[in-house]
Amino acid sequence: MLKRLTGGLFKPMLLNEDRLFPADPGTRTIARRLFAEVERLPLICPHGHTDPAWFAGNQAFPDPAQLLVIPDHYVLRMLNAQNIGLNELGVSTKDGSPFAKDAREVWRLFASNYHLFRATPTRLWLDHTFQTLFGLDVRLDAATADHYFDSISEKLSSPAFRPRALYERFNIEVITTTEGPNDPLSHHKTIREDGWKGRVITAYRPDPVVDPDFEGFLDNLKAFGEIAGEDITSWQGYLAAHRARRAFFADMGATSTDHGHPTAQTADLPSQEASDLYQRILSGKAGDADKELFRGQMLTEMAAMSIDDGLVMQLHAGSSRNHNAQIFERFGRDMGFDIPQPTGYVDALKPLLNRFGNDPKLRLVLFTLDETAYSRELAPLAGVYACLKLGPAWWFFDSPAGMMRYREIVTETAGFYNTVGFNDDTRAFPSIPARHDVARRVDCAFLARQVAEHLLEEDEAREIAVDLAYGLAKKAYNL
Amino acid sequence: MLKRLTGGLFKPMLLNEDRLFPADPGTRTIARRLFAEVERLPLICPHGHTDPAWFAGNQAFPDPAQLLVIPDHYVLRMLNAQNIGLNELGVSTKDGSPFAKDAREVWRLFASNYHLFRATPTRLWLDHTFQTLFGLDVRLDAATADHYFDSISEKLSSPAFRPRALYERFNIEVITTTEGPNDPLSHHKTIREDGWKGRVITAYRPDPVVDPDFEGFLDNLKAFGEIAGEDITSWQGYLAAHRARRAFFADMGATSTDHGHPTAQTADLPSQEASDLYQRILSGKAGDADKELFRGQMLTEMAAMSIDDGLVMQLHAGSSRNHNAQIFERFGRDMGFDIPQPTGYVDALKPLLNRFGNDPKLRLVLFTLDETAYSRELAPLAGVYACLKLGPAWWFFDSPAGMMRYREIVTETAGFYNTVGFNDDTRAFPSIPARHDVARRVDCAFLARQVAEHLLEEDEAREIAVDLAYGLAKKAYNL
Amino acid sequence: MLKRLTGGLFKPMLLNEDRLFPADPGTRTIARRLFAEVERLPLICPHGHTDPAWFAGNQAFPDPAQLLVIPDHYVLRMLNAQNIGLNELGVSTKDGSPFAKDAREVWRLFASNYHLFRATPTRLWLDHTFQTLFGLDVRLDAATADHYFDSISEKLSSPAFRPRALYERFNIEVITTTEGPNDPLSHHKTIREDGWKGRVITAYRPDPVVDPDFEGFLDNLKAFGEIAGEDITSWQGYLAAHRARRAFFADMGATSTDHGHPTAQTADLPSQEASDLYQRILSGKAGDADKELFRGQMLTEMAAMSIDDGLVMQLHAGSSRNHNAQIFERFGRDMGFDIPQPTGYVDALKPLLNRFGNDPKLRLVLFTLDETAYSRELAPLAGVYACLKLGPAWWFFDSPAGMMRYREIVTETAGFYNTVGFNDDTRAFPSIPARHDVARRVDCAFLARQVAEHLLEEDEAREIAVDLAYGLAKKAYNL
């Protein structure tokens, strides 16, 4: 059962073709049939965080550690939880303290702790990447670390592993990146202008100029006025700047906006009150309540603009960012220290919904990190408001059990057609096929159980499987 | 596999006899055996919202749209979520704006969107109704809409489809309706007096005169004093009016009261404080805190009266009603815009329970729309207080997965015997057999898994299945 | 199928060897193989509430009622929920009112209501105890009550059923009891000094002198100063007393502390503010906010001491104790009237974690009664902070479905290695093997499903099973 490799015999890594399907043989057979219908559909990636520079420059990715370990907050957090410091893993420090710079050593450290990821989605994504992308067939551990490092390094240096080649190999139909309002979108321009057929579009994420707690907020505002050519010292000028940048983003292909807020709070202030609030925010002296109110007001303003310009609105609410002060000071953001919080939607969304909730031109896709809201609030809301759609299971719940809970909890109240299919929502480009593979398998497993328990006919399940894997995302995001 | 019908060949609709049973063959066999014990037991309907006028007047139901679409908030909400306006569905408007009046057109609109209900309980209930009540055997869609409309219309006009005939056909042993304190119960009187053997009883739901936020509250109070023959301008007179109306309801067969509150808050004020609070409420100038306190105080007063008169008390807490102001103004209440909210029970019930929690004459059945409370609060509370019982999975959770979660989450702490069996809780009379069928199947599926995993012996499971389907409801509601 | 016994034929009680394993035959076979690896491993009992006097004195346990009914709050609460009063069950009263004193009558009452426990963990634990410890093979009910009473009584009087013999028979490797700071630990001293090879250690639970709401708090403080030989009238003296008693507990074998708080709130006050707060607490006039702040500050102080002395810290948060005032007055605490509450960890733990969260010498094991926190807060926290570990499913959730939910919800984010294996956490000594048996079976069932769905290889699952059953607890608690 062991594989022979330089250095000895090693445990094989096998992606079983039935992975994630229910164990009951009858149900598994149905799942296989459904999956055969969707396995090879093109990938729609309507929301994510890949770097447009990759597709613009099409340079080779660096070594395995820089590609797969150092930028992946899922990997960092699990290793940190076992007392392996971020600096040992090659994360650069902001305070000048030393950090590991030898990519092979970082990789070995990761490899020798790979057992920590057992039964996590990270393991699923990585094994899929190792096997299907890099052709590896032994299990990653301390003994195979160098074999992995060398094999992957070699592959990365070949033209077939450049970003554009991977885009094509992955069968991506469209991929959306996420940029702030002050981004000049030069990479997107390059991509559009040099004749490559790949479709890489942006999404408008205005948090840096909407969230008064964002790093450098007041400076961001200044730059925002400049790039938009508007006077952001007035409320009307500030709103005009958003309109201008949204129009530019839409010109560059954007079909959506995205809003990362600590809560789902919305507000609908009379114009003068909103203007006064903006002035307090602009003074840099606003308190927490004003900041929260401002973020809430801006969601409603963004909804108004979406009704005008047709951009689909996304709300990613409920993360308590940068939980540990020492880590934040030493390493900065996105180190795995963002922790979900209880997040309410019913009262929070009411101001926006009472204003625009029945407007057929609005589409607002909701995400949560508080799974309790799915059955209690989100499915009931998305199951009645035409403007609301449910985004897929997000972040920690972008996982087999997380996705299965999502379908089990959401479907009876919201059905399938008030959801928007899958988002891979990742900056880990090589993992994109793995993530869609997991989502498609879990959905087929869910549908197979529905068929096996005679809640759906198989012809219906087939149609739904295709919608969940492909059609709904394309439609929801106007792609 | 297709069925021939005027107009062509159509997909068959088949209610599989194993629907909702676990796919594992061994477990399914156990589920079948258990279900055979309960499938034909009479229906106990201890809580619901059917119209007593149906049983009193015994008139034919109108057309399919008025029977199955327009009054069903589950149907309305799902279609509204896909931009099909309530007015297009035939819901009458309060503002004089136009709405669809052609029943066949409404039915066609519904039929052509029936795929939206895939994997929802509405689909289960309706397919069961279509097949077992109306004898239909092709799938509902745009192509079969007229066939459905004509077939159902024809059936509805025959004597065998009048309300009393259906009551008998459905094998209902007793059905409870729900009326406000100002209802003269004339239909119940008619039913009792004209010699029909059906048992249609009422339940006392005092929300219109207990909840200061209820539409027309102050007018309701005035009418309450008149119908009860008490002076409701004093606290004592107001309480006396409740006692009088409860006695009248009990005379008309009621064995229970029902309380629909936004929260589970209770209060136990000294008599003078309660009286002062009532005067503030009566003035029409009370604030939100006073209103909440008054509702809470009234739950405790109702518990005191239940100890005296033996009516079983039900608390349906946690719905944020009429979430959208525009919809409420245009169409009124019960349009699918009631959304659950986080609901706490531990502190909220403490005042009532510290006063009456150990009185063996009190029985309080608790319902929730916040599933997180089941394992954290409700099962622990019902698993220790003799006066508390857990009502079945409610509203959005009156569904296969909702009921299964309920058993999985509740049973280990509260057992079976602190629950009260099934409530269909519906105004959709034709769906009542379907709802009991789903509940019985899900309970048998749950029990079959317990037997298959050797947590229960099959003879025990059989006994429990009968209790869940029949015995517990009858006993809990003193029927 | 019935068993012959004096008095007639009775239903057999059979612990099926496949109990708790998934019904699917293929998955069950995997579960059996995994369980065979762990079934006979020694028991690590790192947290619980057995009485050290049992092991010191090694006296025979009294009758079945006093062993298995009267001290078991799971049993009491379920019977009380069905209107069987605690006094009828032999619980002594504090107000002098009568209570049952005939052990056989109490046992009969319990036996004739044993069906109430169907599908609860109590039933599992007791049946396991009855069959494997006492050799009973018929089902407990009214008819077999006396047979049970006599059989168990006879066994209890034999030397083989003395505490030390049971410790050995149960294959316990180490068991931890829990004592307050004012306990002289004389039983532990006896156990250590008389040469018995059993390892019974204590844990430092300072609630009586840390929680201002604890019964007799100010008196406890006085005694605390005396036993520690420190002046507890000053903040520094009070902290010194803790250090002294912790050192004494550690000398007597303790490797851990335990903290039972109503919430998970921590605080990190400047020293002078902490000192001022302590003086307000000491005055006996502190309000609820001060009490909560003090408990929070003390968690951070305890963390500081743990970093110094290496004791592993446990936080059991979220129980609303003694929910019913009448019961508390009449019977005292631990009568089944402790009810979980919503419990937040993200903001609550931040002060402690910002101070000590990155110190590799701290280990803090978190427990919750609010299952919603597992996926939203606890797994994300334990999956990134090296000092945090997740304790097993606790109290109401120390049950097959509770443990399965725990693995399903926790594992994808926290993995296996940020959890600490199993705690039996019980005062019911005879049930300890049953509890470990349930935990091991559920973990093997979970792992078998992972293998069957190809998320883990079987060799990995085998290794994990052994860690969950044995290795993790030993390591996490430094045993």
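Which residue just after α12(C) takes a positive phi? Gly253(C) does, with a phi of about 105°. The points below set this residue in its context.

1. Basis of the note. This is a predicted model, in which local features need pLDDT of at least 70 and side-chain atom pairs count only at pLDDT 80 or more, whereas totals for chains, interfaces and linings use all residues. Residues are numbered from 1 along each chain as its sequence is written, and chains are lettered from A and ligands numbered from 1 in the order in which they are written.

2. Helix α12 of chain C. Helices (DSSP runs of H or I, at least four residues) and strands (runs of E, at least two) are numbered from the N terminus. Helix α12(C) covers residues 235–251, 17 residues in total. From first to last C-alpha it reaches 24 Å, close to the 24 Å expected at 1.5 Å a residue; the expected span is 1.5 Å times one less than the number of residues.

3. The buried face of α12(C). The buried residues of this helix are Tyr238(C), Leu239(C), Ala241(C), His242(C), Arg245(C), Arg246(C) and Phe249(C). A residue is buried if 20 or more other C-beta atoms, placed from the backbone, lie within 10 Å of its own. Seen down the helix axis, the buried residues of α12(C) fall within an arc of 150°, so they line one face of the helix; the arc is that of the directions from the helix axis to the C-beta atoms. An α-helix has 3.6 residues a turn, so residues three or four places apart point the same way. The buried residues of α12(C) pack against α11 (217–228), α13 (271–282) and α14 (288–309) of chain C.

4. Relation between the copies. Chain B can be laid on chain C by a turn of 120° and a shift of 0.0 Å along the axis, with an RMSD of 0.0 Å. The two copies are thus related as by a three-fold rotation axis. In chain B, the C-alpha nearest this axis belongs to Asp24(B), at 3.5 Å. Superposition is by least squares on the C-alpha atoms of residues with pLDDT of at least 70 in both copies. A rotation of 120° with 0.0 Å of shift along its axis also superposes chain B on chain A, with an RMSD of 0.0 Å.

5. The side of chain B that touches chain A. Here 39 residues of chain B are in contact with 39 residues of chain A, contact being C-beta atoms, placed from the backbone, that lie within 7 Å. The elements of chain B giving two or more residues to this side are α4 (73–80), α15 (325–331), β9 (339–340) and α18 (400–414). By class, this side has 18 nonpolar, 14 polar and seven charged residues. Ala, Val, Leu, Ile, Met, Phe, Trp, Tyr, Cys and Pro count as nonpolar, Asp, Glu, Lys and Arg as charged, and the others, Gly among them, as polar.

6. The side of chain B that touches chain C. This contact takes 39 residues from chain B and 38 residues from chain C. Its largest share on chain B, seven residues, comes from α17(B). The side of chain B that touches chain C has 15 nonpolar, 15 polar and nine charged residues. Only 5% of the interface residues of chain B are also interface residues in chain C, so the copies meet through different surfaces.

Key: Two residues are in contact if their C-beta atoms, placed from the backbone, lie within 7 Å. A residue is buried if 20 or more other C-beta atoms lie within 10 Å of its own, exposed if 12 or fewer, and partly exposed in between; C-beta atoms are placed from the backbone.
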